Amino acid sequence: EGGSDIFSSFTKENMIDELHIFTAPKIIGNGLHSFENIQIPSLDRAYVFEVKSVSLSGTDIHTVLVRK
């Protein structure tokens, strides 16, 4: 885990080809943001990914996204 500064920097420099996101089936309230330092002025300027796969890893959901 690199933290939001590293994730944001990689995103801004177009250095992300694939994301692996693990989601736990728990609600804990306010958490940390993965991409905190990115300002998107409008939805048409968003970074777009498509779902490559979704699977279970234990009780967590493992989602793989690829850059369009």
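How many bridges join strand S1 to S3, and in which direction do these strands run? In this predicted model, six bridges join S1 (residues 18-23) to S3, and the two strands run antiparallel; strands are taken to pair if DSSP finds at least two bridges between them. Because the model is predicted, local features were considered at pLDDT of at least 70 and side-chain atom pairs at pLDDT 80 or more, whereas totals for chains, interfaces and linings use all residues. Residues are numbered from 1 along each chain as its sequence is written, and side-chain values use heavy atoms, with hydrogens and water left out.

The secondary structure of the chain comes to one helix and three strands, which follow one another from the N terminus in the order α-β-β-β. Helices (H or I, at least four residues) and strands (E, at least two) are DSSP runs, numbered from the N terminus. Along its principal axes, the C-alpha trace spans about 35 × 30 × 25 Å. The accessible surface of the chain, computed by the Shrake-Rupley method with a 1.4 Å probe and, for residues, with only the protein chains shown counted as cover, comes to about 5,700 Å², of which 54% belongs to carbon and sulfur atoms. Of the 68 residues in the chain, 16% are buried, where buried means under 20% relative accessible area, exposed over 50%, and partly exposed in between, with a 1.4 Å probe and protein chains only. Among contacts with a separation of 6 or more, 60% are made by residues 24 or more positions apart, a contact being a pair of heavy atoms within 4.5 Å.

Helix H1 covers residues 4-12 and includes Thr11. Ser4, Ser8 and Thr11 are buried in this helix, and, seen down the axis of H1, its buried residues fall within an arc of 65°, so they line one face of the helix; the arc is that of the directions from the helix axis to the C-beta atoms. Thr11 counts as buried because its relative accessibility is 6%. When neighbours within four places in sequence are left aside, Thr11 is in contact with Ile16, Phe35, Ile38 and Tyr47. Just after H1, Asn14 takes a positive phi of about 55°, although Asn14 is not a glycine; the place of this residue is in the loop between H1 and S1.

Val54, which is found in strand S2, counts as exposed because its relative accessibility is 55%. Not counting residues up to four places away in sequence, Val54 touches Ile61, His62 and Thr63. The C-alpha atoms of Val54 and His20 are separated by 9.7 Å, the two residues being 34 residues apart along the chain. Val54 also belongs to a nonpolar patch on the surface, formed together with Val51, Leu56 and Ile61, with about 400 Å² of accessible area together. Patches are made of residues with over 30% relative accessible area and no salt bridge, like charges being joined within 9 Å and nonpolar side chains (Val, Leu, Ile, Met, Phe, Trp, Tyr) within 5 Å. Strand S2 (residues 49-57) gives the most to this patch, with three residues. Ile61 lies in strand S3 (residues 60-67) and is partly exposed, with a relative accessible area of 37%.

Side chains of opposite charge can pair when their charged atoms come close. The structure holds one salt bridge, defined as a side-chain nitrogen of Lys or Arg within 4 Å of a carboxyl oxygen of Asp or Glu. Glu18 forms a salt bridge with Lys52, the closest N and O atoms being 3.1 Å apart. The pair links distant parts of the chain, with Glu18 in strand S1 and Lys52 in strand S2, 34 residues apart. Glu18 counts as partly exposed, at 35% relative accessibility, whereas Lys52 counts as exposed, at 54% relative accessibility.
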